[in-house]
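Please work through the following exercises with the sequence and the structure at hand. Each task is followed by a solution in steps.

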Amino acid sequence: MTAILEASGLNKTFGAVTAAKDINIAVARDEIVGIIGANGAGKTTFVNMVTGWLTPTSGAIRFDGRDITGLAPRRITRLGICRSFQVAQVFMTATVFDNLMIALGIADSHGLAVLKPLRLAEREARADAILRRYRIHEYRDQVASTLPQGIRKLLDIAMAMVAEPKILLLDEPTSGISVEEKFGLMDIVMSALKEDGVTVLFVEHDMEIVERYVGRVLAFYQGEIICDAPPAQALIDPKVIEFVIGDEPQGQAMRERAGLAPAGEGSDA
Amino acid sequence: MKPMRYAGVVGAGLAAAFALSAPASVAAKDTVSLGIVAFLSGPAAGPYGVPGRNGAEMVIEAINKGTLPAPYDTKGFAGATVEAEYIDESGGNTKQVSEYRNLVQKREVDAVVGYVSSGSCAAIAPVAEELQKLTVMAVCGTPRIFEEAPREYVFRTMSHATADNIAAAHYVKEMMPDVKSYTGINQNYAWGQDSWRDFSLAMTDVMPDAKVSDKPQFPKIFAGQYGSEISALSLDDAELVHSSFWGGDFEAFILQATPRGFFQQKKVVLTVGGVSAYRLGKRLPDGVAIGSRGPYGILVRDRDTPLNTWFVETYKEAYGEYPSGAAYQYAQAILATKIAYDKAAEAAGSFPDEKQVRDALTGLEFESFAAPVKMALGNGHQAITEHMYGIVQWNEDAGELGLRDVKVYPAECVMPPADKTSVEWIEAGMPGAKC
Amino acid sequence: MTQFMDRTVIGLTLGFALVALLGVFVLPDWLMSQVLIAFSRALAVLGLVVLWRTGLISFGHALYFGLGAYTVAMLGKDLGVTEVLITLPAAGLVAAVVGFALGFIIRKYREIFFAMLNLAFSMVLFGILVKTEALGSTDGFSVEQPTLFGIGTEDSTVKLTVLFLAVCTVGWLSAVLVHRYLGSVLGSLTTAVRDNEIRVEYLGYSVAQAIHGKYVMSAALTGLAGGFTALALGQVDPESMVNWTVSGELVFVTVLSGPGSVAAPFIGSLLFELLRTYAFELVPYAWQLIVGGTLLAVIFFLPGGLWSLISKLGGRDRAAQPGGNRGEGER
Amino acid sequence: MNLALTILVEGLGYASYLFIVSLGLTIIFGVLKILNVAHGAFYAWGAYSCAFLIGELSTMGVSDLGTMIAIPIAALVVGVVLGSAIERTIIRNLYGRDEVIIVLATFGLFLVLEDVILLVFGVDPYFAFQPTLAMPGVQIGGIYQDGYKLTMIALSLVVGLISWIVLNRTHWGKLVSAIIFDSELAVAMGVNVRRVFYVVFVAGAVLGALGGAYIAPTISVSPGFGVEVIVLSFAVVVIGGMGSIGGAAIGALMVGLLRAYAVLQWPEIELFVVYAVMAAVLIFRPEGLFAPAKARKI
């Protein structure tokens, strides 16, 4: 089995702060990987390096065998790695439909093709189809700034997906979403993603979500990966519990299930 | 319906504008409409534009009533009442060009009179030719107007800048014979550049031993602050400073230089100083040499001719002050136009058409308010007059500004002959000058 | 919807044809001349509207206006080239080339910094022109009489009519092209860039490139506008072509017109020209007061510009392009 | 040596008036985030009122030196009356709009105020030379400099010092600094931002008017002279860093000295040099040389 995404010896420092320290991982095609860690553990730094927002201080990132270290985000996007954001990044003054149309337009167009009209009937049909798949069609003509959080997040993910990437990185897809909505949202996303057959890495604080949807967990602590295992194993790993889960809302429950309760104070991330 | 709306909106707008512009032209020629252009705002308004307009206004009123002194005591322009529209000259040359087009095409005036700035005139002249409208330039000084191209529709009723500067050189030689070197401060446009060029060229003819400075100053027109330039001139070894500053710039320069002892340290010749003389009064320092761009304003205040006495007294009565150079110069342009109309009417035996008026104005010689005027250059389109300089002396008894050592230079001494441009003539050593 | 002749294109074609016909057969010379000047300026405003939709306003487009104007004037003066089929494209080209070069720097800036950097560049050109005696310093110089297909004319009405028809043609063409551009994928990256640059990057398009392209386009259009204005007036000078007040005026007309439609710049510009002319005629001492007051009134009462008023009167929904009808803020 | 000394004196003189005007511009920008084109109108109004007042005082028989009282009076009256009126009617209703739109609104305001000057004061230039007569010329570097210019340098030092003390040593000043640093945080902390905005706008207007009032005696105060100062003070503020008092001082010094050098040594580049420096600063340090610290927002 060849790795579709491979990071070797990744380091990132901001002045005196180390945000990533000797990260080595290989992700296989179609894997669904959860990235966990306390605030400041280096999760988002990792995502930012993979998607080109940050250039690693040292080390290399390979995608499908090709070195993508330090490429600009748009190039990495074009190669097939897309991402969503902790805070949904959509075009706030445009309607949901127009958001998707623009995303599709860019994804479809190479070189001078960007000068062709945006509104093609075929493209509009695809946009509608995507809206339906992500179950946000009823918001089609609503301006993005007026959308509820959850819908905006779905739109954000849908826009990331229009380029039909091979890898999708989701940065905290459920942050800011109410407890009642979070599973619904994740169900929509994961089933849509499954249809497209995409490798998914997602950063998540919510251990219930992690437990339910991922096949493999990467736990970050102070820029390092301290655990790389399937969730059943990872979520009872003492190091993970001490340095990662201790901070999380469901930490106590986790601890109890792992037979570690009651713990003292949480980790000092 | 949307496409129709686009079209409709623009169309309606244009139609409305057209409706607003209801033609102002009058069929019968019982009136002549003049567009009169002068600085009505900006720093040149007070010293130049407003007195210029006053001079024009006063003379037009007198012409319409027929109260000008003889021989100009006929009513109107060839009997037609004069209607004047006053336009602001400020806002840059390009704006002036579009305002000129408006005057000619929209308001359909019979002639345009005025312009103070050389910049305006240089910009207007080709447009006047293009639109074929009689245009009488009142003040502006750059010799380029008639030297760079022959004009059919453009006239100028006073001498150009060359006269100011040649006369200044002669005056310097006469009154300050031991000047060994000189510099200048002039505005950074046609007027200032031409003035400095003519003056320094004339100096090489008139006072070949005097050296020219390598750092003459050219601040931007209407800059208003000249502290650094005054320092630069002060540091310069040259004893004489030439300046063609006018209007607000001139006044600001005087006020800024005075407290710095500049006028004690340097000899100064100011080609347009006379125009602001009354406004500055005692603040114009004693001992500076001033001209007024010819026989106008303070230089001819005491000239005792019926025309001049009428002009000075009527003006003083109407506006509470002596007429400055600008008032004379605008009045002279109006007077020239009147004479041309009258003469053309006489020749034609009826109300003249534009061509006849232009023919009458071409080469015209007439007695103006203070001195005779000859339309001698530029195929009879450019006037020459005598020229004057004097030295400022405050008259404590009268409580008003006076002049001493006033010298008069004949027109043929300070203006080039018809067959040469200013620069050619001065460079050739001013052959044939009758001084 | 997607064929070449959509509603806007038909509207523009009818509108410009109507103006051209009115101009040739009905309007007096002075009004034709005003339309000529107004439409010339509208070309620049068209470019600024594209930038405005992208969230960028330049206080220095007088740079390109001046470059265009001086290009036309200098081609005639120094090289004796008066053929408008050469001089006008050259005006646009020179502006575009300079815009392309400066664009590498300017595309990094947003908001007030974008506005000010443009201002600085335009004032540098102003400073150079004012001090260059060979170009007439503050006076500028006159533009040679233009020729078309090598034919010149002495008759001012003929010249005016030809220029008028030329500006109508170029104006129509530019408006249609800009309209098509706004409807393209790249054109959708105006409001999109304004709304969210990060998203644009992560969709796979370079924001810097998108902005650079629009900047060059606006520079070219503004250069063309300057070229036309120089020909229309027959005179160029730094004060009325390159000073910051010219940039201010262009932005003024942009805001007056509103970003709602490619037709708006032409209507807004014409209104501005008429407003200024009548203000100048009626109250020569206080025409700036009227112009400035109008600007304030538009900002307070018509934030979407004239076009929003026209749309309201027309009573129709004005969604023509993605996000295209919300140029005014919400940022 | 004489040349260097003269460049220094000229540069300082020019810088000091630019500093006073730019200081007003920069604090308004720092606090309200408004680039106020109408600042040029405060400057012009200050100059006109001062010149008018000096003329009146002089005809009433006040001594040349005594007429200088007109300077602070004109600055205060214009700043407070005009500043308040504009803040209350126009600026206040524009908070939250696109900053470029606000700039344009102040441009419109500037046009209006320029013409109101014409209507109020007429087109004739005003001369208010009396204070300059009260100050003897001083010989520096071999040439006479007017004493008035030297007092102008002193005034700018005083104004700078007072501003520094007010901002750093008073409660009000700390509020202002807090808002410059992070206005949202300041709101959260219960600062009455509207009130601070108002006071700062008026203070800025007073400074703009003071610059005009102080320069008035040395120039012919005539219509349209407020235009030039706008872009010049923009350049100063941009060079120094928008919203920074120290920056305004450094920017004014740079512009003043560069211009003095150019006029005395290389007149052709006089206008060009200021804006070239402005462009260079924007390219290499877009926030200006001394931009005030800002809260980092993510």
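The exercises below concern a predicted model.

**Exercise 1. Overall form of chain A**

Task: Determine whether the radius of gyration of chain A agrees with or departs from that of a compact globule.

Solution.
- Step 1. Chain A comprises 269 residues, and a compact globule with that number would have a radius of gyration near 18 Å.
- Step 2. The value for chain A is 19 Å, which agrees with a compact globule.
- Step 3. Along the principal axes, the C-alpha atoms of chain A fill a box of roughly 60 × 40 × 35 Å.
- Step 4. Chain A contains 10 helices and 10 strands, and 47% of its 269 residues count as buried.
- Step 5. Among the contacts in chain A with a separation of 6 or more, 64% join residues 24 or more positions apart.

**Exercise 2. The two domains of chain A**

Task: State how chain A is divided into domains, and describe the side of domain 1 that touches domain 2.

Solution.
- Step 1. Domain 1 of chain A consists of 1-80 + 165-269, while domain 2 covers 90-163.
- Step 2. Taken over C-alpha atoms, the centres of domain 1 and domain 2 of chain A are separated by 27 Å.
- Step 3. Domain 1 of chain A gives 13 residues to the contact, and domain 2 of chain A gives 11 residues.
- Step 4. On the side of domain 1 of chain A, the elements giving two or more residues are β7 (167-171) and α6 (179-196) of chain A. The largest share, six residues, belongs to α6(A).
- Step 5. By class, this side of domain 1 of chain A has nine nonpolar, two polar and two charged residues.

**Exercise 3. The contact of chain B with chain C**

Task: Identify which element supplies the largest share of the side of chain B that touches chain C.

Solution.
- Step 1. The contact involves 40 residues of chain B and 45 residues of chain C.
- Step 2. At least two residues each come from α1 (2-20), β2 (81-88), α3 (93-106), α4 (118-131) and α7 (190-206) of chain B.
- Step 3. The largest share, 12 residues, is that of α1(B).
- Step 4. The side of chain B that touches chain C divides into 19 nonpolar, 13 polar and eight charged residues.

**Exercise 4. A helix pair in chain D**

Task: Classify the arrangement of α7(D) and α9(D) from the angle between their axes.

Solution.
- Step 1. The axes of α7 (residues 171-181) and α9 (residues 193-215) of chain D come within 11 Å and cross at roughly 105°.
- Step 2. Angles of 65 to 115 degrees count as roughly perpendicular; α7(D) and α9(D) are therefore roughly perpendicular to each other.
- Step 3. D:Leu175, D:Val176 and D:Ile179 of α7(D) make the contact with D:Val193, D:Val196 and D:Val200 of α9(D).
- Step 4. The residues of this contact are six nonpolar, no polar and no charged.

Terms used. Residues are numbered from 1 along each chain as its sequence is written. Chains are lettered from A and ligands numbered from 1 in the order in which they are written. This is a predicted model: local features need pLDDT of at least 70, side-chain atom pairs count only at pLDDT 80 or more; totals for chains, interfaces and linings use all residues. Domain bounds come from an automatic or database domain assignment. Two residues are in contact if their C-beta atoms, placed from the backbone, lie within 7 Å. Helices (H or I, at least four residues) and strands (E, at least two) are DSSP runs, numbered from the N terminus. Ala, Val, Leu, Ile, Met, Phe, Trp, Tyr, Cys and Pro count as nonpolar, Asp, Glu, Lys and Arg as charged, and the others, Gly among them, as polar. Axes are lines fitted to C-alpha atoms, for helices over the stretch in contact, and angles run from 0 to 180 degrees between N-to-C directions. Angles under 35 degrees count as roughly parallel, over 145 as roughly antiparallel, 65 to 115 as roughly perpendicular and the rest as oblique. The radius of gyration is taken over C-alpha atoms; the globule rule is 2.2 Å times the number of residues to the power 0.38. A residue is buried if 20 or more other C-beta atoms lie within 10 Å of its own, exposed if 12 or fewer, and partly exposed in between; C-beta atoms are placed from the backbone.
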